[in-house]
Amino acid sequence: MTTSAFEYHAPTSVSDAVQLLAQHGENAKLLAGGHSLVPLMKLRLARPEVLIDLGKIESMAYIREQGDGLAIGAMTTQTQLETSDLVKSRAPMLAEAAGMVADPQVRNVGTIGGSLAHADPAGDLPAVVVALAAKLVTSSTGDHRTIEADDFFVDLLTTDLRPTEILSEISIPGLPPHTGTAYAKFGNKASHYAVVGVAAVVTVGADGVCQSARIGVTGAGPKAVGAASAEDALTGSNLDDSAISAAAGLAGDGITDFNEDVHASAEYRAHLVTVYAARAIRAAASRAS
Amino acid sequence: MGSISVTVNGTVHTSEVEPRLLLVHYLREVLDLTGTHVGCDTTSCGACTVILNGAAVKSCTLFAVQADGGKIMTIEGLANNGELHPLQEGFWEKHGLQCGYCTPGMIMSAYDLLQRNPDPSEQEIRNGLSGNLCRCTGYHNIIKSVQFAAEKMRS
């Protein structure tokens, strides 16, 4: 399959990239790893006139300590996330989920920024950044903006990014003590896309009571969302089986329009959310001590 | 058209290419390296896997221009002066192929795996090859082929 013709630019700095984006506006698409965009272009579902390849901007791929959390460059690959000791120690769920994306070849090319900015409803990393309360930092010819992960995903394949903005950094806060995290998903057998995926962050007090919880759900609806009802139910509970089941049963509460496709009906997805929420919460709680 | 320069199996090639030319077509049709195959053309089957700058990638989902300045190894670059690479020998010895269509991609993925993990468990081999599909062998002999190569490369 051949894509439609396009003009290609490969800037070597973020400032050159934002200039090109400002110049070409809506006619341009940014190319990160391209493993979501290029397939769409081959099917001619996307026909950008201009491609701005971020792959030659070495300064956009990094994993750094930031306070007790992390600052991650948008062009960091999933393989880099999966194998980074820093990510494993400070945001272990991000390494865990990155290692569950697609397959090794895709992870060698696919990036965290590309995955988030593409906002595929079946992407894994959107649920993870929602649960980790990450902040997404943009670059443009104007000011930098910082967007809360909760506000970043707007709708199907749609984010809060403006046409002139590049997602440049993902800022992940440090985890409080006695916090466990886990990502669990029901993946499509061929593509490994998440039919449903649930990310859970659970903080447990010395008395075994849940002090706080954050849950992100992907694959179920048009965009990744938090699960406030489940978080509220979990907080203050003793995290026994019945408490986890009760909270997990609420994990799909905020989703009014479940996806329905050849992989799963809306009803089945709603069921999967409760099952995988329970698995993620249980695993996170067990890792919290 | 734009000019790219890539090192493929140790040889530098400079070519004028249209930006939309996929890397797999550049390798096969411009450089005449037809060992890299086009299978599904949708990033699933892994028949087009090559090593780009040290990591296995699916060359049907990259444009040749993205590889500009890079180093590529294809299946043609594995044997050394006619002596088979241990992975090629393993696929021969353990009957790791029937039709052979998936084999170049399988071998390049296995090459990436063994670079990172010289002594993989069976499960790690299966995970490492999870981006490659074979419709003939049922995978069992492919796993044995990679185990053969890993052992030979360690010794």
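Predicted model: local features only at pLDDT ≥ 70, side-chain atom pairs only at ≥ 80, totals over all residues.
A residue is termed buried when its relative accessible area is under 20%.

Helix H3 of chain B covers residues 103-116. The residues Thr103(B), Pro104(B), Gly105(B), Met106(B), Ile107(B), Met108(B), Ser109(B), Ala110(B), Tyr111(B), Asp112(B), Leu113(B) and Leu114(B) are buried in this helix. Because 12 of its 14 residues are buried, H3(B) is largely enclosed by the rest of the structure. The length of the helix was also examined: at 1.5 Å a residue, the 14 residues of H3(B) should span 20 Å, and the C-alpha atoms at its ends are 20 Å apart, in agreement with that expectation.

Helix H2 of chain B, residues 86-93, contains the buried residues Pro86(B), Leu87(B), Gln88(B), Gly90(B) and Phe91(B). The buried residues of H2(B) pack against H3 and against helix H5 (140-154) of chain B. After H2(B) comes His95(B), which has a positive phi, near 50°.

The two chains meet through 29 residues of chain B and 28 residues of chain A. About 2000 Å² of area is buried between chain B and chain A, and carbon and sulfur atoms give 57% of this area. Within chain B, the residues that lose the most area to chain A are Arg20(B), Phe63(B) and Gln66(B), which together account for 29% of what that side buries. Two salt bridges are found across the interface of chain B and chain A. In a salt bridge between Asp41(B) and Lys42(A), the side chains meet with an N to O distance of 2.6 Å. Polar contacts between chain B and chain A amount to 13 residue pairs. Strand E4 (55-58), H3 and helix H4 (122-128) of chain B each supply at least two residues of the side of chain B that touches chain A. The largest share of that side, four residues, comes from E4(B).

Asn108(A) illustrates contacts made between the chains. This residue lies in helix H6 of chain A, residues 104-109. With a relative accessibility of 12%, Asn108(A) counts as buried. Apart from neighbours within four places in sequence, Asn108(A) is in contact with Thr77(A) and Thr79(A), and also with Ala55(B), Ala56(B), Asp112(B) and Arg116(B).

The largest nonpolar core holds 48 residues, of which Leu94(A), Leu116(A), Ile170(A) and Ile172(A) touch the most other members. Helix H8 of chain A, residues 125-131, provides the largest share of this core, six residues. When residues up to four places away in sequence are not counted, Leu116(A) touches Leu125(A), Pro126(A), Val129(A), Leu136(A), Phe152(A), Phe153(A), Thr159(A), Leu167(A) and Ile170(A). A second, separate core has 34 residues, including Ala182(A), Leu234(A), Ala248(A) and Leu272(A).

Leu30(A) is situated in strand E2 of chain A, residues 28-31. Its relative accessible area is 25%, so Leu30(A) is classed as partly exposed. Beyond residues up to four places away in sequence, Leu30(A) touches Leu21(A), Leu37(A), Ile52(A), Leu54(A), Glu165(A) and Ile166(A). The C-alpha atom of Leu30(A) is separated by 8.9 Å from that of Ala17(A), a residue 13 residues apart from it along the chain.

Methods
Residues numbered from 1 in each chain as written. Chains lettered and ligands numbered in written order. Heavy atoms only, no water. Expected span 1.5 Å × (residues − 1). Buried < 20%, exposed > 50% of the residue type's maximum accessible area, 1.4 Å probe, protein only. Contact = heavy atoms within 4.5 Å. Core = buried A, V, L, I, M, F, W, Y, C linked by side-chain atoms within 4.5 Å. Buried area = accessible area lost by both parts, 1.4 Å probe. Salt bridge = Lys/Arg side-chain N within 4 Å of Asp/Glu carboxyl O. Polar contact = N/O pair within 3.5 Å; in protein donor to acceptor, adjacent residues only side chain to side chain.
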